[in-house]
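Thanks for coming, everyone. Please have the viewer open while I talk. I'll go through the folds, the cores and the charged pairs.

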Amino acid sequence: MTLLPRTIRGLSILSATVSGLVILILGAAAILISHHEIEAQMDHRIEREMDALLDFHASNGAAQLAQVVRARDGATTGGTGYLADTGGDGRMMLYALADAEGRRVAGHLIPKMPADGWSEFLPIRHPDGSTGEAQALSRRLPDGGQLVIAADRSALHRSDDRILFVVMIGLGVILLTGTISTIAFGRLVRRRLVLISGTAQGIIEGDYARRVPVDGSGSEFDRISTILNQMLGRIEELMGSLRQVSSDLAHDMRTPLGRIRQDMERLATATNEPDTSRSAERAMVDIDALLDLFAGLLGVSEVRGFAARKRFVGLRLDEVVTDVVDAYRPVFDDDGRGLTVDLQAVEVQGDAQLLKRAVANLLENILAHAGKGASATLSLQQDEGRAILCVADNGPGVPEKDLEKIFERLVRLDPSRSKGGHGLGLSMVRAIVHAHHGKVGAKSPTRGLTIMLQFPIANIGCIASGGSERG
């Protein structure tokens, strides 16, 4: 089991999400790095300022140092660089000088003198009354006094905010463009895949002339489409050759078989020997069975070629079923079988003769395989834009494992093959249904077999409501 999405939409969303996460990580890294660099520069400036004032104190004494601190404490940064205009009154560097008794001598921006060394978040008070935090360095003077130099952290906070703003704007722009481009790419891929899958579906349904569209761009999709079209052309050629061979073989064998049957018929009529006559009649029965088999195989191949779709017209499926039921009702009555129908008025696109043949094959299947006295029930209904024709019997049914096999050609569930037929009736039904863009299925409950045929409905609004019932 994989956690990765398996659809183009899912992959597009995953790609956009990963891009956003990468941008967030890069933005967070940029903020941390810039924060660290600005903080390091502030520390470096404080250290240089502290060294300069300590040297001045060593050369000029405490009184002169106090004057310099007072002068610098009231100065601004001059509005240059990223550290400009950082304090509450435009100041960035902050000072405090105390004597040996701890009395404040100069500088008033730090309300409480810190301990010696570095202070990371030293509380400060600006002349305008606002408070803040500062990066501070405190040193003891040789005479016992204390000198504190601090840098207002407002510059650092403002820099972080600006970088965060830029990162968020960039994130939004990249996510927007990335999402749009990813969705566009996904739609392009999906559109080309839909064309390829549509062609493949057409080939599955027997339309071997279908080809994958090529837009002439020379893209990877065009190259794949060209290769697929060459393959499909080769498949069409092979299938055409196979159909031609099968058709020619069937036609060629029907001719000599027909002659042999005629000879057997003349022999049976002309001979005076009963054994010879019976042998000739058995030979004619076998030849008729072979001729029927070849006719059935040719019929299935013709329908599977979908050439009949050119003859499709709008027709009432309930009327087609009614015509077949009327033809078979006497047969069911003579055999003591029931034949019940419940048909709604439904219109489909199709060939009436093929549809009649499909319904007739289903009724023939019930007569031949459902058992003595088995009845048939036919129902036709509309459901979600499809016409559903169900043909059910109350015979012994079919094992569940064999429900798919019954639609295959030449498949007979009778192991001894003692019953009549060639196993082509339901295969022809499936071929006809597929030719009409429909689906066929079977189910066998506790007793009996139900075969369901589904067809797309055409012009539903043109059909009068209601239906016909016969029993």
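First, a definition: two strands pair if DSSP finds at least two bridges between them. Helices (H or I, at least four residues) and strands (E, at least two) are DSSP runs, numbered from the N terminus.

Now the ground rules. This is a predicted model, where local features need pLDDT of at least 70, side-chain atom pairs count only at pLDDT 80 or more, and totals for chains, interfaces and linings use all residues. Residues are numbered from 1 along each chain as its sequence is written, and side-chain values use heavy atoms, with hydrogens and water left out.

β10 has another partner. Seven bridges join β10 to β12, and these two also run antiparallel. Ile388 turns up again here, opposite Gln454 in β12.

How enclosed is β10? Six of its eight residues are buried, so β10 is largely enclosed by the rest of the structure. Buried means under 20% relative accessible area, exposed means over 50%, and partly exposed is in between (1.4 Å probe, protein chains only).

Next, the cores. A nonpolar core is a set of buried Ala, Val, Leu, Ile, Met, Phe, Trp, Tyr and Cys residues joined through side-chain atoms within 4.5 Å. The largest one has 45 residues. Leu363 and Leu378 have the most contacts inside it. Who supplies it? At least two residues each come from α5 (317–334), β7 (339–344), α6 (352–369), β9 (376–383), β10 (386–393), α7 (425–435) and β12 (450–456). α6 gives the most, with nine residues.

What does Leu363 touch? Contact means heavy atoms within 4.5 Å. Leaving aside neighbours within four places in sequence, Leu363 is in contact with Val324, Tyr328, Phe332, Leu339, Ala376 and Leu378.

There is a second, separate core, with 19 residues. Met42, Leu53, Val69 and Leu137 are among them.

Leu137 takes us to another pairing. Strand β4 (residues 131–140) and strand β5 (residues 146–152) run antiparallel, joined by seven bridges. Leu137 stands opposite Ile149 in β5. Ala150 is buried, at 0% relative accessible area. Its C-alpha atom is separated by 9.2 Å from that of Ile124, 26 residues apart along the chain.

Now zoom out to the sheet. It is open, has five strands, and runs β2-β1-β5-β4-β3 with antiparallel pairing. β2 (104–106) and β3 (117–125) stand at the edges with a single partner strand each, so one side of each is left without a neighbour in the sheet. From one strand to the next, the twist averages 35°. For that angle, axes are lines fitted to C-alpha atoms, for helices over the stretch in contact, and angles run from 0 to 180 degrees between N-to-C directions.

On to charges. A salt bridge is a side-chain nitrogen of Lys or Arg within 4 Å of a carboxyl oxygen of Asp or Glu. How many salt bridges does that rule give? The count comes to twelve.

Arg103 and Asp99 meet at 3.1 Å, N to O. Asp99 is buried, with a relative accessible area of 19%. Asp318 and Arg316 meet at 2.9 Å, N to O. Asp318 is buried at 6%, while Arg316 is partly exposed at 27%.

Asp323 lies in helix α5 and Lys356 in helix α6, so the pair ties together parts that are 33 residues apart in sequence. Asp323 counts as partly exposed at 41% relative accessibility. Lys356 counts as partly exposed at 25%. There is also a network: salt bridges that share partners join Glu39, Glu120 and Arg153.

Last, the totals. The protein has seven helices and 13 strands. Buried residues make up 37% of its 471 residues. Of the contacts with a separation of 6 or more, 63% come from residues 24 or more positions apart.
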